[in-house]
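This briefing covers selected features of one protein chain. The points are grouped by topic.

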Amino acid sequence: MAVYSTRYRYIFFANPQTASKAVARTLLESLEGQPMPEREIRAEDGAILVKKHHATWRDLQEHGLMTRAQLDGLFKFTCVRNPYDLLVSRYLKRKGRFTADPTRYRWAQDNARVHASMDAAQSMGFPEWVGRELQRHRDKGTTVKGPLEYLDHADFIIRFEALQPGFDEVLRRLGVEHTVPIVSENVTSERAADAGARRHYASYYDDDSRGWVARAYAPVIERFGYRFEG
């Protein structure tokens, strides 16, 4: 879902794996947020037309949920995350909790592409897995477009790496004078290494996998000045 508020005149687009669920929950609980849509929208054959959590600017218009004029009248924001870091969390979730708790993550079981990715993560190390995930882009020399569906239409973008300061700036722009802490939600606990220390994403990569990500995510990496820190 996107989250919007008629009182505060905002809409938040939940870019996957950028702490979007934590921000969305905070908005719903503390800033009169409303979900958009309230549930998945499906075609007659059961195919998902609009995702419950990750609806885009384009989705809302194409399926009659909001008009362009309505969206233009709202403060639009989303989040972004270093792709090198994001993909490690994706791998660990698909290797771990999505498989270990299938009932809770039924959506992952029902999505054929995600389920195949989960199966691959069980037997592959991260470099091999990320090569598989990006195979189509490697073969065709294309870049990943998904994040741009959220980023290209935003008035403000919160960096995952500075989540609370970015959210504080959103509050300032909305005219909210009180502090609103972002709740903890959907944290990748699998990232914890020995003694509870968070393992740095760079330790998962080899030279090949680092290059594949650099090319496939070049638009995001270049636009936001991300680099491989390792």
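In this predicted model, Arg210 touches Tyr84, Tyr205 and Phe228, leaving aside residues up to four places away in sequence. Arg210 belongs to helix α12, and its relative accessible area of 37% makes it partly exposed. Its C-alpha atom is separated by 8.3 Å from that of Pro127, a residue 83 positions away along the chain.

**Packing of α8 and α12**
- Pro127 also takes part in the contact between two helices, where Pro127, Val130 and Gly131 of α8 meet Ser209, Trp212 and Val213 of α12.
- By residue class, this contact has four nonpolar members, two polar ones and no charged ones.
- Helix α8 spans residues 126-133 and helix α12 spans residues 207-216; their axes are 9 Å apart and form an angle of about 30°.
- Angles under 35 degrees count as roughly parallel, so α8 and α12 are roughly parallel to each other.
- The crossing of α8 and α12 is left-handed.

**Ser89 in α4**
- Ser89 sits in helix α4, which covers residues 83-95.
- The relative accessibility of Ser89 is 0%, so Ser89 counts as buried.
- A polar contact of 2.9 Å links the side chains of Ser89 and Arg81.

**Backbone features in loops**
- Met36 and Pro37 are joined by a cis peptide bond, with omega at about -5°.
- Pro37 is found in the loop that runs between β3 (34-36) and β4 (41-42).
- Arg9 is not a glycine, yet its phi is positive, near 60°.
- The loop between β1 (2-5) and β2 (10-12) holds Arg9, which is partly exposed at a relative accessible area of 42%.
- Ala19 is another non-glycine residue with a positive phi, in this case near 70°.
- Ala19 is located in the loop between β2 and α1 (20-30).
- With a relative accessible area of 18%, Ala19 falls under the 20% limit and is therefore buried.

**The chain overall**
- There are 13 helices and seven strands in the chain.
- Of the 230 residues in the chain, 47% are buried.
- Among contacts in the chain with a separation of 6 or more, 70% are between residues 24 or more positions apart.

Conventions:
Residues numbered from 1 in each chain as written. Predicted model: local features only at pLDDT ≥ 70, side-chain atom pairs only at ≥ 80, totals over all residues. Heavy atoms only, no water. Axes fitted to C-alpha atoms, helices over the stretch in contact; angles between N-to-C directions. Helix = DSSP H or I, 4+ residues; strand = E, 2+ residues; numbered from the N terminus. Parallel < 35°, antiparallel > 145°, perpendicular 65-115°, else oblique. Left-handed = near helix turned anticlockwise from the far one by under 90°. Contact = heavy atoms within 4.5 Å. Nonpolar A, V, L, I, M, F, W, Y, C, P; charged D, E, K, R; others polar. Buried < 20%, exposed > 50% of the residue type's maximum accessible area, 1.4 Å probe, protein only. Polar contact = N/O pair within 3.5 Å; in protein donor to acceptor, adjacent residues only side chain to side chain.
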